[in-house]
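Have the sequence and the 3D view ready as you read.

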Amino acid sequence: MAEATSIVTLKGINKTFHRGKEPITVLESLDLDVPTGSFEALMGPSGSGKSTLLNIIAGLDRPTSGEVKVAGANLAAMSDSQLAKWRSQNIGFVFQSFNLIPVLTAAQNVELPLLLTSLSGSERTKRVQTALRVVGLEDRMHHYPRQLSGGQEQRVAIARAIVNDPKIIVADEPTGDLDRKSADDVLTLLDKLNKELGKTIFMVTHDPNAAEKASVQRKLDKGALQ
Amino acid sequence: MVPFRYNVRSLFVRKVTTIATALGIALVVFVFAAALMLGEGVERALVSSSRPENVIVLRKGSDAELSSSMSQDVLGLLRGNSAVAQGEGGGVIGEVILVITAELEGKGESQISNVLIRGMPAEGMKFRPEARIVSGRAPQPGTNEVIVGKAIAGRFKGVSEGGTFELRRNRPLKVVGTFAADGTSFESEVWGDLDVIRTSVGRQASVSSARVRLNSPADFETYRTTMEADKRANVKVQREADYYSKQSEQTSGFLVGLGTVVAILFSLAAMIGAAITMNGAVAHRTKEIGTLRALGFSRIAILVSFVLEALLLALIGGVVGLAFVQLLALVSFPVMNFQTFSEIVIAFKATPNVLISALVFSLVMGLVGGLVPAIRAARVSPVEAMRG
Ligand SMILES: Nc1ncnc2c1ncn2[C@@H]1O[C@H](COP(=O)(O)OP(=O)(O)OP(=O)(O)O)[C@@H](O)[C@H]1O
Ligand SMILES: [Mg+2]
């Protein structure tokens, strides 16, 4: 029953890295269900594997073994290039350090995911404007990242994450580099995306304030969810 | 595709590195283009813009006009063939070619060099429509009047309009005009009357070479076979174009070869420079590349993007190099023509071919230098986007 309304289903996920000869097991027999439309926060000590788990959900990385079903797709069965295309259509990314391309303007950064679609130039411009309006930065369209504050940069990044209308937004410590006020703005925005636009949000965070905004809090420790 | 302005601006942002790398490429393109321009200049000087139906006849066993000598009677044999064109500008002309030494103007007595003198019948000028008088006038046939090619006009004492110089003791030649001939080596010659010149040197009733105009280029093979088979004539028949290109190969080969070798050696350094620059760009932008990959850009898109960036970098260098090399078009210098042992003046000559070749060369450098870094970029994992 949970299956039908789950947007993320992980079963028996193992992830082992190799540092030289030494294997490091980061995730072990991990199961996870994320219901469609939820806002989840993942917490846990440093090195516990939060980012690793998020990367697997977002199709950036593959588990050593286990089943990954996200937004109806079986990620394990997909090639690297299929996975890239799938990410562009299904996942919006929000990074701790914003990851805007410094040589492109806010609008050009937001437009990037649309370049992978067949939308016309005018259609793209319209969508970019809409996304920037959602984050309240329509007037900063032609500014470069270095001309924006950290909080504004992160909001541009959020506009970039939603411009393709993805089903899921993954955020790895989205407030980690921000002051309290900017962090609150970003969290309010994420909350709005969840409540008003129905986006499923999966957020890794160290910040209890941030976790509080989420509807579900999970804790990862020693490779397993508590 | 990753937008091209991403690459343009990325190059622009790293101004110093970009300029340094582009200048390295510019230097190579300069050397390469200079070598090609020299080649074009030599070719232009030696390969007359001759018509395809023109034929040059030398004594069998001679490679060049200067070493050839035939009896005047041969001209009659050459004329007696229906393939020979009649009328204005047609027919057969016999010429005598000789080299004299002359003092260079304003360089003191010890400085001498060779000047090539060509004696031709009155129809000689008509036979070469590219030749025209640019100042003074044409010489009177049957007199000791001569005209000088504009490339050497004024280089030698007395060998300029209004001057007089001695072909032999007490055999003065009077310069009455200057001519141009489309930049060919004719411009490094002195032209005068066939009979006056050959009698002055005691070569009456003989010619060095003959030029024949055929009715059609298609007549060449038959004409050649017939004439070369004629024992009385004892001649070698070649298309003018073939004769000149053989000459230019020998003379230009060394200069162009040397230039090309230098350019290729330099290009290795420039390619390594481009590779280092692009490699630095990739290393510096690992997180950006990871982000683009996370957003869904494919490995191919990243590869293409960085190759384009390297090509753009190389193209900037190429254009700068070509801009500087244009200055060489102002330079000309004398070289020894090893066929005639006389001086001809070579100018660096930029043709569309040279420009295109040089730009292609710069792009090849960009491609070779940029490929490995671009492959490295394409292999950046999207996980890099997440790293702090
Ligand atoms: N590519 C890799 N190669 C080797 N080890 C890795 C690699 N990626 C992650 N690890 C290791 O896996 C473990 C979990 O890393 P991960 O980044 O998922 O932790 P995290 O919970 O996100 O920590 P933090 O809160 O500090 O961000 C760490 O011990 C880390 O060193
Ligand atoms: Mg982490």
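## A buried tryptophan and its aromatic partners

Trp191(B) counts as buried, at 1% relative accessibility; buried means under 20% relative accessible area, exposed over 50%, and partly exposed in between, with a 1.4 Å probe and protein chains only. Phe186(B) also counts as buried, at 2% relative accessibility. Phe179(B) is buried with a relative accessible area of 0%.

How many aromatic pairs does the structure hold over all chains? There are 6. Here, rings of Phe, Tyr and Trp (its six-membered ring) pair if their centres lie within 6.5 Å; planes under 30 degrees apart count as stacked, over 60 as edge-to-face and the rest as tilted. Phe179(B) and Trp191(B) are stacked, because their ring centres are 4.3 Å apart and their planes lie at 25°. Phe179(B) belongs to strand S8 (residues 171-180) of chain B and Trp191(B) to strand S9 (residues 189-193) of chain B, so this pair ties together parts that are 12 residues apart in sequence. Phe186(B) and Trp191(B) make an edge-to-face pair, with 5.4 Å from centre to centre and 70° between the planes. One aromatic cluster is formed by Phe179(B), Phe186(B), Trp191(B), Tyr243(B) and Tyr244(B).

## About the model

This is a predicted model, where local features need pLDDT of at least 70, side-chain atom pairs count only at pLDDT 80 or more, and totals for chains, interfaces and linings use all residues. Residues are numbered from 1 along each chain as its sequence is written, chains are lettered from A and ligands numbered from 1 in the order in which they are written, and side-chain values use heavy atoms, leaving out hydrogens and water.

## Two helices side by side

Now look at chain A. Helices (H or I, at least four residues) and strands (E, at least two) are DSSP runs, numbered from the N terminus. The axes of helix H6 (residues 150-162) of chain A and helix H7 (residues 180-197) of chain A come within 9 Å and cross at roughly 15°. H6(A) and H7(A) are therefore roughly parallel to each other (angles under 35 degrees count as roughly parallel, over 145 as roughly antiparallel, 65 to 115 as roughly perpendicular and the rest as oblique).

Which residues meet? Gly151(A), Gln154(A), Arg155(A), Ile158(A) and Ile162(A) in H6(A) are in contact (heavy atoms within 4.5 Å) with Ser182(A), Val186(A), Leu189(A), Leu190(A) and Leu193(A) in H7(A).

## An arginine in a loop

Arg140(A) sits in the loop between helix H5 (121-134) and H6 of chain A. Arg140(A) is partly exposed, with a relative accessible area of 23%.

Definitions and conventions
Axes fitted to C-alpha atoms, helices over the stretch in contact; angles between N-to-C directions.
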